[in-house]
Amino acid sequence: MEPLYHQTNKLIQETQACFQLLNSSQGNAGNVESEIQTKIAAVNANCERLDVFVFKVPVAQRQNAKMRVDQLKYDIRHLQAALRIWQDKKQRREQEINEREQLLNRRFTANSDMSIDIDYSVQHHNAMQNAHRGVDDMISSGSNILDSLRNQRETLKGAHKRIMDIGNTLGLSNQTMRMIERRVREDKYVLFGGMFVTLTIIGLFLYYFVF
């Protein structure tokens with residue numbers, strides 16, 4: 001176990017030295033990164049073997065051996081995290097360089113669209129404002145429709161009352177009056193049906209496009 005432990009510890013020290021080269025290197029950064037990944041993989045493989053050897057040492061020495069192996073695992077996890085951070089920074093730098101080159105190489109003509117979408121949140125904000133305006137317009141339209149339906153209801157009620165008065169004045173038959181009342185009831189159902197459909201459409205629009 002001891003030779004493998006010392007070999008793994010040496011690999012960790014070499015990996016730390018490679019990080020110093022990685023931060024100072026320019027053209028060969030890719031080679032140094034590959035070397036670090038190779039050493040990290042070797043350390044992880046050695047740690048798995050050391051976990052097996054820990055259970056083969058005497059019980060009196062097992063706790064100390066396990067602590068030493070855990071320290072190796074702790075060190076290599078930190079090196080892995082440092083490599084991920086460096087890779088993320090490199091990816092962001094490459095993306096910034098590509099975006100800057102695309103912007104500098106972009107050609108504009110006299111009639112071309114000069115708008116450049118830089119911030120997606122601004123586009124999203126504008127889209128939400130347009131959606132809210134659309135909802136407000138629909139609510140206003142629905143309110144006007146409901147007012148119109150209420151006015152029609154009042155008109156029908158007034159017409160029904162006038163028909164009843166005229167019927168009483170002219171002495172219309174009971175059958176004719178029942179026909180008139182049935183027609184008024186049917187108009188009322190149409191009115192309530194229209195109100196229900198309008199409110200349902202407004203509710204569905206608010207549910208799917210706003211909430």
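In which helix is glutamate 33 found?

Modeller: Happy to! Please keep in mind that this is a predicted model. Glutamate 33 is found in helix α2, which covers residues 29-54. Its relative accessibility is 10%, and because buried means under 20%, glutamate 33 counts as buried. Who are its partners? Setting aside residues up to four places away in sequence, glutamate 33 touches Leu22, Leu83, Trp86, Gln87 and Lys90.

One of those partners, Leu22, leads us to the largest nonpolar core, which has 23 residues. Leu22 is among the residues with the most contacts inside this core, along with Phe19, Ile36, Val43, Leu50 and Leu72. Helices α1 (2-24), α2 and α3 (59-105) each supply at least two residues of the core, and the largest share, eight residues, comes from α2. As a general point, nonpolar side chains in soluble globular proteins tend to be buried together.

Now follow α2 along to leucine 50. Leaving aside neighbours within four places in sequence, leucine 50 is in contact with Met1, Leu4, Tyr5, Thr8, Val69 and Leu72.

Finally, look at how α2 sits against α1. The two helices pack at an angle of about 160°, with their axes 9 Å apart. Angles over 145 degrees count as roughly antiparallel, so α1 and α2 are roughly antiparallel to each other. Their crossing is left-handed. The residues of this contact between α1 and α2 divide into 17 nonpolar, four polar and five charged.

Key: Residues numbered from 1 in each chain as written. Predicted model: local features only at pLDDT ≥ 70, side-chain atom pairs only at ≥ 80, totals over all residues. Heavy atoms only, no water. Helix = DSSP H or I, 4+ residues; strand = E, 2+ residues; numbered from the N terminus. Buried < 20%, exposed > 50% of the residue type's maximum accessible area, 1.4 Å probe, protein only. Contact = heavy atoms within 4.5 Å. Core = buried A, V, L, I, M, F, W, Y, C linked by side-chain atoms within 4.5 Å. Axes fitted to C-alpha atoms, helices over the stretch in contact; angles between N-to-C directions. Parallel < 35°, antiparallel > 145°, perpendicular 65-115°, else oblique. Left-handed = near helix turned anticlockwise from the far one by under 90°. Nonpolar A, V, L, I, M, F, W, Y, C, P; charged D, E, K, R; others polar.
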